[in-house]
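Thank you all for making time for this.

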Amino acid sequence: GGSRVTLTIEEYQALREEYAGYCTHCNAITQPDGVEPDAHGYQCEECDGLNVMGIEEAMFCGHLEIA
């Protein structure tokens, strides 16, 4: 817990356009069939947990940072 994923602004914008998600359990950036920006509880392709949130929501919640 407490780890953050650092992205460039370009990476973040690309992930938003691709409707990517972020798994709060394993820190994976995952792209199932589209994750709404404010989604919660989607299934992670990496760990199979239901811990994926939309990339925008992950940013708002402090899981991601732009550097």
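Before I describe the sheet, let me say that two strands count as paired if DSSP finds at least two bridges between them, and that the helices (H or I, at least four residues) and strands (E, at least two) are DSSP runs, numbered from the N terminus. What you see is a predicted model, in which local features need pLDDT of at least 70 and side-chain atom pairs count only at pLDDT 80 or more, while totals for chains, interfaces and linings use all residues. Residues are numbered from 1 along each chain as its sequence is written, and side-chain values use heavy atoms, with hydrogens and water left out.

With that in place, there is an open sheet of three strands, paired antiparallel, in the order β3-β2-β4. The edges are taken by β3 (29-30) and β4 (52-54), each of which has a single partner strand, so one side of each is left without a neighbour in the sheet. Strand β2, residues 21-23, pairs with β3 in the antiparallel sense over two bridges, and within that pairing Y22 stands opposite I29 in β3.

Let me turn to the loops on either side of β2. Y19, in the loop between α1 and β2, has a phi near 55°, which is a positive value in a residue other than glycine. N27, in the loop between β2 and β3, also has a positive phi, near 65°, and again is a residue other than glycine. For accessibility I use relative accessible area with a 1.4 Å probe and protein chains only, where buried means under 20%, exposed means over 50%, and partly exposed lies in between. Y19 is partly exposed at 44%, and N27 is partly exposed at 29%.

Now to the interior, where a nonpolar core is a set of buried Ala, Val, Leu, Ile, Met, Phe, Trp, Tyr and Cys residues joined through side-chain atoms within 4.5 Å. The largest such core has eleven residues, among them V5, L7, Y12, L15, A20, Y22 and M53. The elements that give two or more residues to this core are β1, α1 and α2, and α2 gives the most, with three. A20, a member of this core, touches residues that include L15, I29, V35 and I55, not counting those up to four places away in sequence. There is also a second, separate core of six residues, which includes C23, A28, V35 and A39.

How many salt bridges does a search of the whole structure find? Taking a salt bridge as a side-chain nitrogen of Lys or Arg within 4 Å of a carboxyl oxygen of Asp or Glu, the search finds two. In one of them, the side chains of R16 and E56 meet at 3.0 Å, N to O; R16 lies in helix α1 (residues 9-17) and E56 in helix α2 (residues 55-60), so the pair ties together parts that are 40 residues apart in sequence. In the other, E65 and R4 meet at 3.1 Å, N to O, and because E65 lies in strand β5 while R4 lies in the segment before β1 (5-7), this pair ties together parts 61 residues apart in sequence. R16 is partly exposed at 39% relative accessible area, and E65 is partly exposed at 29%.

A67 and L7 are 60 residues apart in sequence and yet 6.1 Å apart in space, C-alpha to C-alpha. Counting contact as heavy atoms within 4.5 Å, and leaving aside neighbours within four places in sequence, A67 is in contact with T6, L7 and T8.
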